[in-house]
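We will go from one selection to the next, starting on the inside and finishing with the whole chain.

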Amino acid sequence: MRLLAIDTALEACSVAVLDGEGEAARLTCASELLGRGHAERLMGMIGEVMAEAGTVFSSLDRIVVTTGPGSFTGLRVGLSAARGIALVVGAPAVGVTTLAAMAEQARTLETLSANQFLHVVLAAKGGEVYAQSFSGDGQPLAPPGVETAAGLAARLVPGDRIFGSGATAVLACADPANPPIVLGEAGYPDIVAVARLGARADSDTARPEPVYLRPPDARPAVRDERLLA
């Protein structure tokens with residue numbers, strides 16, 4: 001397996017080439033915190049990482065891209081690049097969510113048993129978080145969604161782990177006598193986790209389609225026909 005992984009869903013612009021399988025796989029990565037400007041930086045970063053890895057596009061077996069939740073603009077940049085490259089090289093494009101990739105990342109920080117619970121939380125607006133719950137072995141327990149930090153905190157039980165940029169908000173609402181365990185407050189997925197999760201994904205079902213959990217903040221202007229009369 002030789003794949004190219006791309007993440008532009010959140011603040012980071014990240015690229016990785018994974019060559020091989022298992023622990024022996026070689027990973028070549030680059031990541032920059034941009035906030036904006038993913039479109040201008042992405043293709044140059046892909047070229048740099050591909051050159052460092054000594055890989056040509058025609059040798060790629062798979063293109064992996066994060067599908068959200070994330071920024072509307074960032075998601076479109078990564079998805080468009082992944083689909084375009086996949087079309088040119090004739091390799092499948094595979095999508096992984098940012099929350100699943102971050103769960104994969106969190107599980108490298110602590111060994112969890114299958115009956116433990118991990119909640120990945122990304123800070124959103126208005127006291128809300130993008131959230132998804134996983135078992136300790138990485139299996140999703142529910143689809144990704146949007147909820148208040150207080151609502152998520154209310155259903156935590158002692159020993160639950162939380163990970164992501166929304167952890168502080170959730171912790172502030174949790175029972176101080178039995179707080180959850182914060183594994184980290186990352187605001188975007190590690191591209192290594194994206195690549196490894198994408199390598200295991202089923203290319204027939206893990207489609208590179210955007211995961212939008214909220215409507216866009218900017219909407220097209222609506223004409224008032226009364227003003228045109």
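**Into the core**

Start by selecting Leu 4, Ile 6, Leu 42, Ile 46, Ile 63 and Leu 118: these have the most contacts inside the largest nonpolar core, which has 37 residues. A nonpolar core here is a set of buried Ala, Val, Leu, Ile, Met, Phe, Trp, Tyr and Cys residues joined through side-chain atoms within 4.5 Å, and buried means under 20% relative accessible area with a 1.4 Å probe, protein chains only.

Now colour the elements that give two or more residues to this core, among them strand S1 (2-7), helix H1 (38-53), helix H2 (72-89) and strand S6 (117-123). Helices (H or I, at least four residues) and strands (E, at least two) are DSSP runs, numbered from the N terminus. H2 brings the largest share of this core, 7 residues.

Next, pick Leu 42 and show its neighbours: leaving out residues up to four places away in sequence, Leu 42 touches Ile 6, Thr 8, Cys 13, Val 15, Val 77, Gly 78 and Ala 81. Contact means heavy atoms within 4.5 Å.

Then select Ala 5, Val 64, Val 96 and Ile 191, which are included in a second, separate core of 12 residues.

**Zooming out**

Show the whole chain, with its 7 helices and 10 strands. Buried residues make up 45% of its 229 residues. The C-alpha trace spans about 70 × 55 × 30 Å along its principal axes.

**About the model**

This is a predicted model: local features need pLDDT of at least 70, side-chain atom pairs count only at pLDDT 80 or more, and totals for chains, interfaces and linings use all residues. Residues are numbered from 1 along each chain as its sequence is written, and side-chain values use heavy atoms, leaving out hydrogens and water.

Note on methods
Buried < 20%, exposed > 50% of the residue type's maximum accessible area, 1.4 Å probe, protein only.
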